[in-house]
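Me: I'd like to learn how to read pockets, strands and aromatic pairs in a model. Could we go through one together?

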Amino acid sequence: TSSVLAQRLGLHLADYVVNETGFAADLGAEKFFDIVMPMCGHVPSVAVMIVTLKALRAQGGAPDGPVEKGFPNLARHAANVRRWGAEPVVALNRFAADAESDLTAVLDYCASIGVEAALSEGYLKGGEGMADLARKVVAAADRADTSKIAPLYAPELTFEQKITEVATKVYGAAKVEYSAAANKQLANYEKNGFGHLPVCIAKTHLSI
């Protein structure tokens, strides 16, 4: 995960710059779109979602279960990326033991929800194994309308409104409840002039 300075330098030196934002579209991407992007003005053209068969099975509830059980999780992350106005491209990491039928099922599912996807075979083939993915990412970046990409919330909203936006729209929560101590802290932040700042929310892997 690069610094803003490193991103700026990269954008001066290369036609395409890839920034790894971290754990899942509901955490890493949310932090980038809602915190980093408004602060530095770097608007991403495309969001690459890394997917593995192992992760899909785990998200489906069983490490040896069918990959299809993890599809709702994949769809939610793709929907989250689109919530900021960006297009997702799925990079399906291929490992030597992966079944062809499972890989095909994932690629077919991505196509069914209108998400571009490609096998990511760098582990097996090096750079050559990433060429198809690279072409699809570049094509998505080139056709992107970055004017449609925006943070989830405006800086003038209250902290409670900002938290509700992330909790309900990104994580799928029905509502947000605050302890007395939390309410006191938020009021104190507002009183001290921090109300315009974005919110940085910690989460677990079970947040969605």
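The dialogue below takes up pockets, then strands, then aromatic rings.

Me: Before we start, what should I know about the model?
Reply: This is a predicted model: local features need pLDDT of at least 70, side-chain atom pairs count only at pLDDT 80 or more, and totals for chains, interfaces and linings use all residues. Residues are numbered from 1 along each chain as its sequence is written, and side-chain values use heavy atoms, with hydrogens and water left out.

Me: How much space lies in the largest pocket?
Reply: The general idea first: rolling a probe the size of a water molecule over the atoms shows where empty space is left. A pocket is an open set of points on a 1 Å grid over the protein atoms alone, where a 1.4 Å probe fits, with protein on both sides within 12 Å along at least five of seven lines; lining residues have an atom within 4 Å of a point. The volume is the space filled by probe spheres set on the points, which are joined across faces, edges and corners. Here the largest pocket holds about 1600 Å³. Its lining has 47 residues, and N19, T21, A47, V48 and M49 are the closest to its centre.

Me: Which element gives the most to that lining?
Reply: Helix α2, with 6 residues. Helices (H or I, at least four residues) and strands (E, at least two) are DSSP runs numbered from the N terminus. Other elements supplying at least two lining residues include α1 (4-13), β1 (47-51) and α7 (131-142). By class the lining has 32 nonpolar, 11 polar and 4 charged residues, where Ala, Val, Leu, Ile, Met, Phe, Trp, Tyr, Cys and Pro count as nonpolar, Asp, Glu, Lys and Arg as charged, and the others, Gly among them, as polar.

Me: What classes of residue line the second largest pocket?
Reply: Its lining has 12 nonpolar, no polar and no charged residues, among them F159, Y171 and C200. The volume is about 190 Å³, and α8 (159-170) gives the largest share of the lining, 3 residues.

Me: On to the strands. Which way do β2 and β3 pair, parallel or antiparallel?
Reply: Two strands pair if DSSP finds at least two bridges between them. Strand β2 (residues 88-93) and β3 pair in the parallel sense over 5 bridges, and L92 has L119 in β3 as its bridge partner. From β2 the chain crosses through helix α5 (residues 100-112) to β3 in a right-handed β-α-β crossover; right-handed means that, with the strands pointing away from the viewer, the path from the first strand over the helix to the second runs clockwise. β1 and β2 also pair in the parallel sense over 5 bridges, with P88 in β2 as the bridge partner of A47.

Me: Why is β3 called largely enclosed?
Reply: Because 4 of the 5 residues of β3 (residues 116-120) are buried, that is, under 20% relative accessible area with a 1.4 Å probe, protein chains only.

Me: And how many aromatic pairs are there?
Reply: A pair of aromatic rings is described by the distance of the centres and the angle of the planes. Rings of Phe, Tyr and Trp (its six-membered ring) pair if their centres lie within 6.5 Å; planes under 30 degrees apart are stacked, over 60 edge-to-face and the rest tilted. The whole structure has 5 such pairs. F32 and F33 are edge-to-face, because their ring centres are 6.5 Å apart and their planes at 85 degrees. F71 and Y109 are stacked, 4.3 Å centre to centre with 15 degrees between the planes; F71 lies in α4 and Y109 in α5, 38 residues apart. F71 and Y109 are both buried.

Technical notes. Buried means under 20% relative accessible area, exposed over 50%, partly exposed in between (1.4 Å probe, protein chains only).
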